[in-house]
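The chain is shown first, and the description follows.

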Amino acid sequence: MEETTINVLLVDDHEMVRIGLAAVLSTEEDIEVVGEASSGQEGIRLALEYRPDVVLMDLVMEGMDGIETTRRLLQQHPDCKVIVLTSFIDDEKIYPVIEAGAFSYLLKTSRAAEIAQAIRSAMKGQSVLESQVASKLMNRFRQPKQAAQPHEELTDREMEVLRLIAAGKSNQDVADELFIGVKTVKFHVTNILAKLGVEDRTQAAIYAFKNGLAE
């Protein structure tokens, strides 16, 4: 049975990196580099032209970075597998690019054989994460979620009403300032008290001051 060739696009703004990757991947019989892009914009254009199976994506590039390039590329070519190949392992890089749709995350210190295997694994639907990246992701999901604060349940309008209450405004004052009826203000006040778990306007005002919601 003839082995299927995996078409790969390289996106990296360093020419020597692209040359090195193309050289090592050319020794793999089942992998073919079909194009090289020196920027995110060019990467998207070539991906639409060549329809590669896998894209090796750098993260830090002039102009459009790898995160935005990944997001836009996958919007137009969703069947492609993006493998991040970068020198960076910062949280602000890892989480956004994975949320953008990156399939695997490798460092440029990875051996040629590891990169080639990650490409093959991607075609089998198997993600490969550098060990430090995997640890960061696991730790992030292990962190307990903090309970939502009562005021986070308030609508934007209810927040406006609460701030005016804390400023000592009467229902009529609130109605005049927000251009709504007094009955509507009373309705919002009732909801605010219920959501904050307080009994009256004074307690609502105290809550607002304690939580930095009012001056």
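**Annotated region and D58**

The structure is a predicted model. An unreviewed UniProt entry annotates residues 7-123 as "domain: Response regulatory".

In the model, D58 is placed in the loop that runs between β3 (54-57) and α3 (66-76). Is D58 buried or exposed? Its relative accessibility is 4%, so D58 counts as buried, the cut-off for that class being under 20%. When residues up to four places away in sequence are not counted, D58 touches V11, D12, D13, G66, L85, T86 and K108.

The side chain of E68 forms a polar contact of 2.7 Å with that of R72. An α-helix has 3.6 residues a turn, so residues three or four places apart point the same way. E68 is also 19 residues from E49 in sequence, and their C-alpha atoms are 19 Å apart in space.

Helix α7 spans residues 156-166. Its buried residues are E158, M159, V161, L162, L164, I165 and A166. Among the elements that cover these buried residues are α8 (171-178), α9 (182-196) and α10 (201-210). After α7 comes G168, which has a positive phi near 85 degrees.

H151 is located in the loop between α6 (131-142) and α7. At 16% relative accessibility, H151 counts as buried. Which residues does H151 contact, leaving aside its neighbours within four places in sequence? They are M159, L196, Y207, N211 and L213. M159 is also one of the buried residues of α7. With Y207, H151 forms a side-chain polar contact of 2.8 Å.

**Charges and aromatic rings**

The structure holds zero aromatic pairs. Aromatic rings do, however, take part in arrangements with lysine, as tabulated here.

| Lysine | Ring faced | Distance from ring centre |
|---|---|---|
| K81 | F103 | 5.4 Å |
| K93 | F88 | 5.3 Å |

In each row, the lysine lies over the face of the phenylalanine named.

Most residues other than glycine have a negative phi, and most peptide bonds are trans. Against this background, two residues may be noted. R51 is not a glycine, yet its phi is positive, at about 50 degrees. R51 lies in the loop between α2 (40-50) and β3, and its relative accessibility of 41% places it in the partly exposed class.

F179 likewise is not a glycine and has a positive phi, of about 60 degrees. F179 occupies the loop between α8 and α9, two of the helices that cover the buried residues of α7. Which class of accessibility does F179 belong to? F179 is exposed, because its relative accessible area is 75% and the exposed class begins over 50%.

Key: Residues numbered from 1 in each chain as written. Predicted model: local features only at pLDDT ≥ 70, side-chain atom pairs only at ≥ 80, totals over all residues. Heavy atoms only, no water. Helix = DSSP H or I, 4+ residues; strand = E, 2+ residues; numbered from the N terminus. Buried < 20%, exposed > 50% of the residue type's maximum accessible area, 1.4 Å probe, protein only. Contact = heavy atoms within 4.5 Å. Phe/Tyr/Trp six-rings, centres within 6.5 Å; stacked < 30°, edge-to-face > 60°. Lys NZ or Arg CZ within 6 Å of the ring centre and 35° of its normal. UniProt positions renumbered as here; feature names shortened; annotations may be inferred. Polar contact = N/O pair within 3.5 Å; in protein donor to acceptor, adjacent residues only side chain to side chain.
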